[in-house]
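The sequence and the structure come before my entries.

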Amino acid sequence: MRRAAVNLAAPMTCILLAVACVGVSEAASVKLRYGFQTGSVYRVTEQYHDVGKSVTEMNVMGQQQTMETPTDQVSSGTWKAKVVGKVAGGVKLAVEYGQYKGGERWASNKMETGDIFGSSSAEVVVHPVDGAVKVVASPAGDQTVEIIYQGRFAWMPELPEGPVGVGSEFTHEYVLQSGMYNIKATDEYYLAGIKGGFATFDVETRQLMVIRMDQGAGGGGAIPGMAMADMKLAYKGEGTAVFDLKEGIFVEREGRMSYSNLDSGQTNTMGMAFSTRMTGVARYKWEMERQ
């Protein structure tokens, strides 16, 4: 879907090489190319804040009960990626998960963790023309580590082959998956303006997250005898992104997404039935810079 361009002020982090008119303050179109340079080190920071609630309605032996639980989750992370050379299909980045600071707040309780996944790493190959990103995480087979690294680079969009004009758009579709999670996402980038060596985009995003909850009806789950249905969360939101034409990277992306679950009905074999409705708003911000 196409919409009118909007004047944006917030800068954002991604990866792109400039066009011939980099020195010009304004232009009508731009050709996006990632510009990772061999030997360079790029620092990425992430911030995430999710505020929501879940309302569960239960029918236990004919008695109706309702339980409401607020959620407030915050996390932030910083990592570095070094371009170690060129390979078939693009440039190769080595990524170390040096430090991660995060926490969760559930009602009045707060749990914080630090320096988790400190020994993990990833090999990332970025195609300079279309921007396709391939991530291989280590240790191999650790699905938690794999989906973390997939998510770290999912915000880097695949780039169109030809120039993008002010007021036009391109689409980036991607999938994140592990044994428990499956996320399908679509980002629409609308070029709002080109000025001062930066291309600024409006971004509309849609996501469908499926969380595998079924532990089987034989009692393998958290509740004996419970047959849990997969949870489906639909996200929709908007934000901004800023591409540095000289560096060839998105330097910032930020926005917000509202969400709710699509299917809340779950039953078991013990005469108990319940449904849970989840709603909330997630805010995010990514920043990248070459050091």
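**Entry 1: aromatic rings**

I began with Tyr235, which counts as buried because its relative accessibility is 9%, where buried means under 20% relative accessible area, exposed over 50% and partly exposed in between, with a 1.4 Å probe and protein chains only. I note that this is a predicted model, in which local features need pLDDT of at least 70 and side-chain atom pairs count only at pLDDT 80 or more, while totals for chains, interfaces and linings use all residues. Residues are numbered from 1 along each chain as its sequence is written, and side-chain values use heavy atoms, with hydrogens and water left out.

I then looked up Tyr259, which is also buried, at a relative accessible area of 8%. The structure holds 10 aromatic pairs, a pair being rings of Phe, Tyr and Trp (its six-membered ring) with centres within 6.5 Å, called stacked if the planes are under 30 degrees apart, edge-to-face if over 60 and tilted for the rest. Tyr235 and Tyr259 form a tilted pair, 5.0 Å centre to centre with 35 degrees between the planes. Tyr235 lies in strand β14 (residues 231–244) and Tyr259 in strand β15 (residues 249–261), so this pair ties together parts that are 24 residues apart in sequence; helices (H or I, at least four residues) and strands (E, at least two) are DSSP runs, numbered from the N terminus.

For Phe243 and Phe250 I found ring centres 4.8 Å apart and planes at 80 degrees, so I wrote this pair down as edge-to-face. Phe243 is buried at a relative accessible area of 0%, and Phe250 counts as buried at 0% relative accessibility. Phe243 and Phe250 belong to one aromatic cluster with Phe170, Tyr189 and Phe201.

**Entry 2: two paired strands**

Which strand pairs with β7 in the antiparallel sense? I found that β8 (residues 133–138) does so, over six bridges, and two strands pair if DSSP finds at least two bridges between them. The bridge partner of Glu123 is Val136, in β8. Strand β7 (residues 121–126) is mostly covered, as five of its six residues are buried.

**Entry 3: the whole chain**

Among contacts (heavy atoms within 4.5 Å) between residues at least 6 apart in sequence, 65% join residues at least 24 apart.
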